[in-house]
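Dear colleague,

Please find below the structure that I am handing over to you. My notes on what was found in it follow directly after it.

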Amino acid sequence: MDQTIIGSNRKIDPNRRAHLKADLTPDDNDRVEIGPTALAFAEWQLAGITPPDIPALRAYRLSRLQEQIRKHDCAGLLLFDPLNIRYATDCTNMQLWIAHNPARAVFVPPEGKLILWDFHNCEHLSAHLPLIGELRGGASFFYFETGDQTAKAAKDFAKQIIDVMAKHAGANKRLAVDRIEHVGYAALCDLGVTVLEGQVLTEHARSIKNDNELNAMRCAIHACEASIDEMRAVMRPGLSENELWSALHAGNIKRGGEWIETRILASGPRTNPWFQECGPRLMQAGDLMAFDTDLVGTYGYCCDISRTWIIGDAAPNDRQKHLYQTAYDHVMTNIGLIEAGMSFADMTRVSHRFPEMFRPLRYGVLAHGVGLCDEYPSVRYPEDVEAHGYGGCFEVGMTLCVEAYIGAVGGHDGVKLEEQVLITDSGAVPLSTYRYEAAFLD
């Protein structure tokens, strides 16, 4: 018998049935839900990559959040960050626009189903999600949306939150909030709510991935790396940095990926110092070209890797090879040092040290967590521990990006490399597989 799925318990006709895709979502050409395209599924099948079980993934992520809520004795967790909303609900709505127009919110109770406040007339966007038990409106209290009625809108929303807290947690007035407009914070406090730092809960919940979530991440990484190949295929002298970068965007979107968080691609002298974003510069033969994907791909998972190439058929010179070899040794050595149970401070202490001439332009972290985006933890270089370091240790199931930027102050160019890894009982193992440049390595 064919697998079938019944539509949502809320908005879609429950008699409507559709075949399932490999990720157990409806194979319905007219569905509202976003997701990977046929191209992505075909590439994953050819590569032997197993798509995630999406209904199980949604349940796992909600369970991770609710575990944290109970651990911290909260009446619930209130989310405004669109990445946290995605993690909790797997529902998207204009993610980048919502990032600076906070018109959506989610209340996660200690047990049971979610309450989603969505944008005007967007009820259909979450109708396929049975873990959302109630849909509301009225989470907008920023000036563009509410003008001189902002304070009133915030008070009205806060009253709703008081009601749902009482329903799900009785007299408990402790509410974890990831971020909120200051008028909303004030309105909650005026009603006697004790507002706790919700990012502690969300970051720790999101930091541990199970096997099914790792399947979703592997799918996103494979789609990203296929897009990198397409970018590489069009690279040539005389092409602008912008045009090269657009190939990565195109490859991501046509596979069902979602967006790219930065546009960090630079060539020639623009590779030093790092963090210059792509522009109209025409790349020249023999230039180094370095990029950081920062790509939010299929299923909303981030693929964050960096590579450095040479433009045209030129062989790298001795300076370029030295930069590349130093970056490669740094990344590979540090991957080999990571162990479950190791503290971040110990990782900083034993980490690979590159020559002093490259330290002033070092990258901001030697490793950071990754999931739907860059996440907890951030592991610092020795020079930065006093100002920015913090406690914690690596755990099995964490996924990290280990990286290096190598360039000297006033140097002609620089090299950026970054690898995505999974922490297991036996150390860190690569998740990303994109090749390095043999011509640069001894």
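**Second largest pocket**

The lining of the second largest pocket consists of nine nonpolar, six polar and eight charged residues (nonpolar: Ala, Val, Leu, Ile, Met, Phe, Trp, Tyr, Cys and Pro; charged: Asp, Glu, Lys and Arg; polar: the others, Gly among them). The model is predicted, so local features require pLDDT of at least 70 and side-chain atom pairs pLDDT 80 or more, whereas totals for chains, interfaces and linings use all residues. Residues are numbered from 1 along each chain as its sequence is written, and side-chain values use heavy atoms, without hydrogens or water.

In all, 23 residues line this pocket, and those nearest its centre are Glu33, Ile34, Arg86, Asp90 and Thr92 (a pocket is an open set of points on a 1 Å grid over the protein atoms alone, where a 1.4 Å probe fits, with protein on both sides within 12 Å along at least five of seven lines; lining residues have an atom within 4 Å of a point). Helix H2, residues 54–71, supplies the largest share of the lining, with four residues.

**Packing of H9 against H10**

Helix H9 (residues 211–234) packs against helix H10 (residues 241–254) at an angle of about 145 degrees, and their axes lie 8 Å apart (lines fitted to C-alpha atoms over the stretch in contact, with angles from 0 to 180 degrees between N-to-C directions). On the H9 side, the contact is made by Cys224, Ser227, Ile228, Glu230, Met231 and Val234 (heavy atoms within 4.5 Å). H10 contributes Leu244, Trp245, Ala247, Leu248, Gly251, Asn252 and Lys254. Sorted by class, this contact has eight nonpolar, three polar and two charged residues.

**Overall fold**

The protein chain has 13 helices and 19 strands (DSSP runs numbered from the N terminus: H or I of at least four residues, and E of at least two). Its radius of gyration is 23 Å, close to the 22 Å given by the globule rule for 442 residues, so the chain is as compact as a globular protein of that length (taken over C-alpha atoms; the rule is 2.2 Å times the number of residues to the power 0.38). The C-alpha trace spans about 70 × 55 × 50 Å along its principal axes.

**Backbone geometry**

The peptide bond from Asn272 to Pro273 is cis, with omega near 0 degrees. Pro273 sits in the loop between strand S10 (265–267) and strand S11 (288–292). Tyr376 and Pro377 are also joined by a cis peptide bond, with omega about 5 degrees; Pro377 belongs to strand S16, residues 374–379.

Met94, a residue other than glycine, has a positive phi, near 50 degrees. Met94 is located in the loop between helix H3 (82–89) and helix H4 (95–100).

With kind regards
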